[in-house]
Amino acid sequence: MAFSKEKIARKHKLDFTEGKKYNMVATGVPKLDDVLCGGLKPQSTVLLCSQPGVENVEFALQTLFNRLKAGDHGVYLVNNKLPNSVKLLAEEYGWDLGDYQRQGTFAFFDAYSAMLSLKSGTEYYSSEPQNMQQLSEVMPEVLAKLENDNIILIFDALSTLIDSTKNEDEVLAGIKKFLSEVRKYNTISFFLFTEWLYPKSLTNKIKSLFECVIEIKALERSVILQKYFSVVKAPQAFERKDIPFKIIKPGGVRVFIPKILVTGPYHAGKTSFVHSASTKAVSVNRLGTTVALDHGHVEYKGYEVDLFGTPGQERFDPILELLGGESLGVVVVIDSTMPKDFGRAKEMVKLSNTVDLPVVVVANKANMKGALTVDAIRKQMKLPANVPVIPVVAENMADVKEGKPCQLKSEDVQKVFSALLEVVV
Amino acid sequence: MILEKIPQNSAVVVISPPLEGKEVLVSSSIKDDLKEKVPVLIISTDKSAEDFKNELVKEKIFFGDAESKGLLAFIDCYSMHVGEAVKNTSSIKRVPGPLALNEISVALSDIEKEFFRKSPKHCIVFNSLSTMLMYSNPQAIGRFVQVVIAKIKKAGGSAFFTLEEGMHTPDVIVMMEHMMDYIVFVKRENGKLFVKAKGLDGFEDWGEFKA
Ligand SMILES: Nc1nc2c(ncn2[C@@H]2O[C@H](COP(=O)(O)OP(=O)(O)O)[C@@H](O)[C@H]2O)c(=O)[nH]1
Ligand SMILES: [Mg+2]
């Protein structure tokens, strides 16, 4: 998937000269800089807004470390854990903050010890971490010492601050003051915020205080299926797009293309499906059957998805395992005229369900003589109600040749994707 | 037996004065689950995972290979909080402390995903809510608990929270009770343990608890 700035710009009519004009500050988080047309605007204020169950500290740390490496300075305010535990976490990702601390280009600001009525062991700390007005006075002193063209300030976490106070309006006013004070020191502020069940009005007010809002979310069924981030607000032109990610230790935030597994019995039409659905596809065929994975690529409502068609004879569970955290769902293709092969297909539906992957049954060859109806297939395969069955037919019967994948009706193929992705998107 | 009567997929708070018996009840539930190969996650806020394990052994709960099989896991919110230089193990995830709510929720989601693949049901023991309430305001913990319960139920799990009696104002106790399906009270008298459960038929009055 080419995410070149130029391509995005053309597609969305964005103005990248703007990026050059402001000398955007790259975060180093993959794809984030692309959708932001180069990175963060200098002196901007950023809210990293995450759903419970999804990481946010890693995004801030990765940006911080990349900026320190590029010669910027940084300060990490933390109010919900010991500064040292942030440092240890960073080390697990391969980001050594110690060097920068010793050089004096990076410092922790301890807003935690006072929360527990303990004495702080760090140079910079607050005795009243709930008091944003006081923080607005103390922080500039730290920033003045760190003096640089670019300073990254991490505030971990805004939700903790809100959770520890009673007067929310006072906090909001305090944040506003804080943001305007710190920006005088060429600071980009990064506030971490987890969306616990706060009143919608409060979250909206918070979001309105920041120029840039990045949301980190999860597709969830019984458990979290996949995590993604997207920019929803920025002072510059940006692309609104959900970007799936994983967090790897060491390494940090990694982006990938979600995968859909296309499986089913021999000769059911898996290769036909992958090719018909894809903008580009390759298969390794020998003697009229697929001997290796079919591979295709689809774009559906702004989602980019890779399709993998299995040869059909192999064991299914190791493949599911292999695609593991990267799969978005499973398409089980059956030949509607071949009920004797349904047993294996039924097994595949069951396995997908046990790992919580959305699954759709494609009842292929639906208009052929002897084809079972959707209801009959449901009954035979004893399908649970949450598994859709979509009948699919060949685009043009005259083109169907034995031993050669055929083109499937594109309307039908579209229906399969909506049914599959509707459950998760 | 009271524990067997609590339906799957419910949220329960176990209330007793400090060290007055809820530990026995919770351990007993852990023991039952492990015996049936139901995965158990223990979220510990007031002692390390290692100390928790030692106490299980003291209660004569031997978990054998449950840990290596991924059927027994811990989220340790204590060790890093007191400044110990500890690492994650295959069965123990350390989070930085009881105020690091986001980190706790991430660790919980990760472990439930593993459990979900192993078993249609599982159990989360949260010991204790009282520690959490010492550090954040009750509304904040209320929001957190509400999210956590929803997550656990969605994944097919059951949740056991413990709460110290006498440490919180009545309105805090009432708020916590509101979010739970069942409230179990435990007390010790003359060396015997008694339990009763609000909302559970046949257990509304005090009765002796035998592990
Ligand atoms: N009539 C008809 N033939 C189909 C249809 N889909 C696939 N076929 C034919 O069925 C055979 C097997 O298809 P293929 O995609 O290679 O199946 P695979 O083994 O599951 O990959 C080929 O000859 C296709 O042309 C369909 O919807 N209608
Ligand atoms: Mg094939």
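Colleague: Which residue lies over the face of W206(B)?
Modeller: K187(B) does, at 4.3 Å from the ring centre. Please bear in mind that this is a predicted model.

Colleague: And what sits over the ring of F185(B)?
Modeller: That is the charged end of K196(B), placed 5.6 Å from the centre of the F185(B) ring.

Colleague: How do β7(B) and β8(B) pair?
Modeller: Strand β7 of chain B covers residues 182-189 and strand β8 of chain B covers residues 192-198; they pair in the antiparallel sense over seven bridges. One of the bridge pairs joins R188(B) to L193(B) in β8(B). The hairpin of β7(B) and β8(B) has two residues between the strands, and N190(B) takes a positive phi near 50 degrees there.

Colleague: What about β9(B), how does that strand pair with β8(B)?
Modeller: Strand β9 of chain B, residues 207-208, pairs with β8(B) in the antiparallel sense over two bridges. In that pairing, E208(B) in β9(B) stands opposite F194(B).

Colleague: Let us turn to chain A. How many helices and strands does chain A have?
Modeller: Chain A has 15 helices and 19 strands. Of its 425 residues, 57% are buried. Among the contacts in chain A with a separation of 6 or more, 69% are between residues 24 or more positions apart.

Colleague: In what order do the 10 strands of the open sheet in chain A run?
Modeller: The order is β4-β3-β2-β5-β6-β1-β7-β8-β9-β10, and the pairing is mixed. The edge strands of this sheet are β4 (124-125) and β10 (252-255) of chain A, each of which pairs on one side only.

Colleague: What does β10(A) pair with, and in which sense?
Modeller: β10(A) pairs with strand β9 of chain A, residues 243-248, in the antiparallel sense over four bridges. There, G252(A) in β10(A) stands opposite I248(A).

Colleague: Now β2(A): is that strand largely enclosed or open?
Modeller: Strand β2 of chain A spans residues 73-78, and six of its six residues are buried, so the strand is largely enclosed by the rest of the structure.

Colleague: Which strands pair with β2(A)?
Modeller: β2(A) pairs with strand β5 of chain A, residues 151-156, in the parallel sense over six bridges. In β5(A), I154(A) stands opposite Y76(A). β2(A) also runs parallel to strand β3 of chain A, residues 106-110, to which five bridges join it. In β3(A), F106(A) stands opposite G74(A).

Colleague: A change of topic. Which residues touch the most other members of the largest nonpolar core?
Modeller: They are M139(A), L158(A), V145(B) and F161(B), in a core of 71 residues. The largest share of this core, seven residues, comes from helix α6 of chain B, residues 138-154. There is also a second, separate core of 51 residues, which includes V305(A), L307(A), M381(A) and V392(A).

Colleague: What is L158(A) in contact with, beyond its neighbours within four places in sequence?
Modeller: Its contacts are L47(A), I175(A), F191(A), L192(A), F193(A), I206(A) and F210(A).

Colleague: Where is L172(A), and is that residue buried or exposed?
Modeller: L172(A) is in helix α9 of chain A, residues 168-182. Its relative accessible area is 10%, which is under the 20% limit, so L172(A) counts as buried. Beyond its neighbours within four places in sequence, L172(A) is in contact with L202(A), K205(A), I206(A) and L209(A). L172(A) and I206(A) are 34 residues apart in sequence, while their C-alpha atoms are 7.1 Å apart in space.

Colleague: How many residues are in contact between chain B and chain A?
Modeller: 29 residues of chain B are in contact with 38 residues of chain A. Together the two chains bury about 2800 Å², with 58% of it on carbon and sulfur atoms. L99(B), R117(B) and R143(B) supply 22% of the area that chain B buries against chain A, more than any other three residues.

Colleague: Finally, which aromatic residues in chain A do ring pairs link into a cluster?
Modeller: F65(A), Y93(A), W95(A) and Y100(A) form that cluster. Over all chains, the count comes to 18 aromatic pairs.

Conventions: Residues numbered from 1 in each chain as written. Chains lettered and ligands numbered in written order. Predicted model: local features only at pLDDT ≥ 70, side-chain atom pairs only at ≥ 80, totals over all residues. Heavy atoms only, no water. Phe/Tyr/Trp six-rings, centres within 6.5 Å; stacked < 30°, edge-to-face > 60°. Lys NZ or Arg CZ within 6 Å of the ring centre and 35° of its normal. Buried < 20%, exposed > 50% of the residue type's maximum accessible area, 1.4 Å probe, protein only. Contact = heavy atoms within 4.5 Å. Pairing = 2+ DSSP bridges. Core = buried A, V, L, I, M, F, W, Y, C linked by side-chain atoms within 4.5 Å. Buried area = accessible area lost by both parts, 1.4 Å probe.
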